[in-house]
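Thanks for coming, everyone. I'll keep this short. Please look at the structure first, and then I'll walk through it.

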Amino acid sequence: GRYPSPNSQRKSNFYLEPSSSSSSAPVLASATGANEISSNKSESSSADGSGVQKISRKSSTLLRNLLGDGHCSKCEELQAALQDYEMELSTKKREVADRDEINEFLRNEIRLQDMKMKSKDQLAVDDKKLDILVQREQTIEQLEMLLEQAISDRDQFSTELQAKRMELSTLAEQVDLYKQSVVSKEEVVLDLTNQVFALRNNGQIPTNPRDAMLPTSTKALEEELQKMKESVEAYKKQNQFLSREILELNGLRSDEQDSYKFLTSKFHNMEAEYYRLQSKHMVLLQEVEKPRLEGAGQANDLLKQMVEEAMEGAEVHRRERGFSASHDQYGFNAYGLTVDYGEDEDESEEASTLNSMARRFKNQAKKIGESIASSTIQWENFFDTGKDCQRSAELKTLMRKGVPSKYRNKMWRWCIRDSVQGKYEPGLYQSILQENADKKSIAMSQIELDLLRTLPSNKFFDKPDAKGIEQLRRVLIAYSWYDPDVGYCQGLNRLAAIALLVLNEEDSFWCLVAIVNHLLPPDYYNKSLLGSQTDQRVLRDLMMEKIPHLSQHLQTCEIDFSLVTFNWFHTVFVDNLPVETMFRIWDTFLYEGNKVLFRYALAIFRYNEEALLRTENSIAIFNYLRTMCQNATDIDKLSSIAFEVINPFPMSKINSKREHHHKIVKAELEEMEALRQQGSHSPSATRSRTIDTSNGDSDCES
């Protein structure tokens, strides 16, 4: 605001109008002087304050002399500008002074900090050196103490060494004396032995000391003693093994004697019944031959009584022939005599059948007894070593060889816990029963129908008041509440029944959970049985790979073996194989899982391959398939086929085949459901493509 604008009549920057040329020189001179003053002002910002004041005074005096006393507007503007510059100059001067003071202060601080840092570094170095010296002094003291102790120990050891040397020399002298004494005693013993030998042999002196039957030296005596000790240990081990064998053989012999006594008693009873009936028959004939008088009513009463007794005797005899009074520890018929002959069956044919079955089961019992004895010893050695139950190659081999009955409960419980793992909850079984005690479900009616059909040949499940019926009912009802998606399906009753023969109720419930939810694939027991049907397709593929000749033979004869094998998988071979064979399969199944089902199914076909290949008639083949499991009595041979002959058997291949067939079966079931809804499907076509899930053992209630 101090300077005129460029558009004003008077020009700025110290230039006059052109018309005033006469006064241009002084004005230019004054402008030049002002510029010099300004430049001097900027250059003197770092100079001394007194010099700046002198220059300012000189410039002011020069400006006054140039301008004189006139007071034109230009002069006033220049005067104002000069004053502004002077004020700005003094401000810059103060700033320079302040900065100098600050710089000096900072230099002093920097010097002070440098001195402090140097002193600290020096102190740190001194402290480190001091620590090193202290440690060195301590180390020297410790070494001196150790040296003194070592010198003391050396002196002590030297003294003890001298004492031991003296003692050793004394003992050596004693040994020499003992040796001399032993030699003299041996000579005396030899003389006495020769005398005894001479007395026994009419005065003859033995030329060979061995003839006297006594050792000639201490070394020979020690060797003989060692040999005797080794022989004793060997005899002990042999005696233990033989004792176990004897116990097993005694058990088998006791069972055989019980069987013989039972059959003998049965024979005597039947013979007595025969003579009793014969005598009554004779009495009846005599009564009939007499003329009918007033006492004819007595003959009619006698005839009626004899008929009633005969009917009661026939009923008792039928029950006795249908089920033996002798059972094994699991409640099954100990001799396998479960054949129910008709009333008109010839007695000679029955006797022949019983004799053949007795011979077969006698041979089977002998083989099983030998296998059980060997397996029991291996399991005893396994537990005697204190090993825990952990998955290993050794435990896997033992499980495949079978678990002895006294260890079966323990191993099954461990396998079940290992399968369910984090889902196991102690007390959950009782809680489910208590919470649903007053509730009803659609599964209960089907469960009641299947209870007596579960294991009719087992004494624990053969009648309504049998020991296992109530337990089986509770286990199946509890599982139907635990897994409502499955509820109840026929086949679960047999799985639970077998578990109850080995485990208690709660463990049997968890065994059912482990099998359905963990060991078998999903949808095995739902309404569509999708998982079960898928596994039958997988088994058919494996048959083509592992047993191609038999597979081709069955296809040529148009035999669908899944009609037989479906029940094998659905019940894990329960009520299909001999009891001991079935339990051996369950031992391995609970440890290894569902792959075992394929192994043993293929092994059964391989076991009966030759007989099936010799049969050409389709009906005969199908009848043989239905009964061939009963011939699988040699479980060791069957296991050898399952785990050695048909190898390799990778689980990855089974899973890939399952995935492939699962999609196909699911699509077929969906197509069937659509046809059912339309009401236009053919039952015969349905059975030819997929197993009908409405037949006997496949009814499921959810």
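Let's start inside helix α8. Tyr 407, Arg 408, Met 411, Trp 412, Trp 414, Cys 415, Ile 416, Ser 419 and Val 420 are all buried there. Keep in mind that this is a predicted model.

The helix itself runs from residue 405 to residue 420, which makes 16 residues. From first C-alpha to last, α8 reaches 23 Å. That is close to the 22 Å expected at 1.5 Å a residue.

**Salt bridges elsewhere**

How many salt bridges does a search of the whole structure find? The count is 22.

Two of them are in helix α3, residues 73-200. Take Lys 92 and Glu 95. Their closest N and O atoms are 4.0 Å apart. The two residues are 3 apart in α3, so about one helical turn separates them. Lys 92 is partly exposed at 37% relative accessibility. Glu 95 is partly exposed too, at 32%.

Next, Lys 164 and Glu 167. Their side chains meet in a salt bridge, again 4.0 Å from N to O. This pair is also 3 residues apart in α3, about one helical turn. Here Lys 164 is exposed, with a relative accessible area of 54%. Glu 167 counts as partly exposed, at 43%.

There is also a network. Salt bridges link Glu 448, Glu 470, Arg 473, Arg 474 and Glu 505.

**Surface, cysteines and one serine**

Back to α3 for a moment. Phe 105 lies in that helix. Together with Ile 102, Leu 106 and Ile 110, Phe 105 makes a nonpolar surface patch of about 400 Å².

What about disulfides: how many are counted? The count comes to 0. Cys 75 is buried, at 11% relative accessible area. Cys 415, back in α8, is buried at 1%.

Ser 639 is in helix α21, residues 635-645. Is Ser 639 buried or exposed? It is buried, with a relative accessible area of 7%. Leaving out residues up to four places away in sequence, Ser 639 touches Arg 400, Arg 584, Tyr 600 and Glu 644.

**The whole chain**

Last, the overall numbers. The protein has 23 helices and 2 strands. It has 702 residues, and 32% of them count as buried.

Over to you for discussion.

Notes. Residues numbered from 1 in each chain as written. Predicted model: local features only at pLDDT ≥ 70, side-chain atom pairs only at ≥ 80, totals over all residues. Heavy atoms only, no water. Helix = DSSP H or I, 4+ residues; strand = E, 2+ residues; numbered from the N terminus. Expected span 1.5 Å × (residues − 1). Buried < 20%, exposed > 50% of the residue type's maximum accessible area, 1.4 Å probe, protein only. Disulfide = S-S within 2.5 Å. Patch = residues over 30% accessible without salt bridge, like charges linked within 9 Å, V, L, I, M, F, W, Y side chains within 5 Å. Areas by Shrake-Rupley, 256 points an atom, 1.4 Å probe, with all protein chains shown as cover. Contact = heavy atoms within 4.5 Å.
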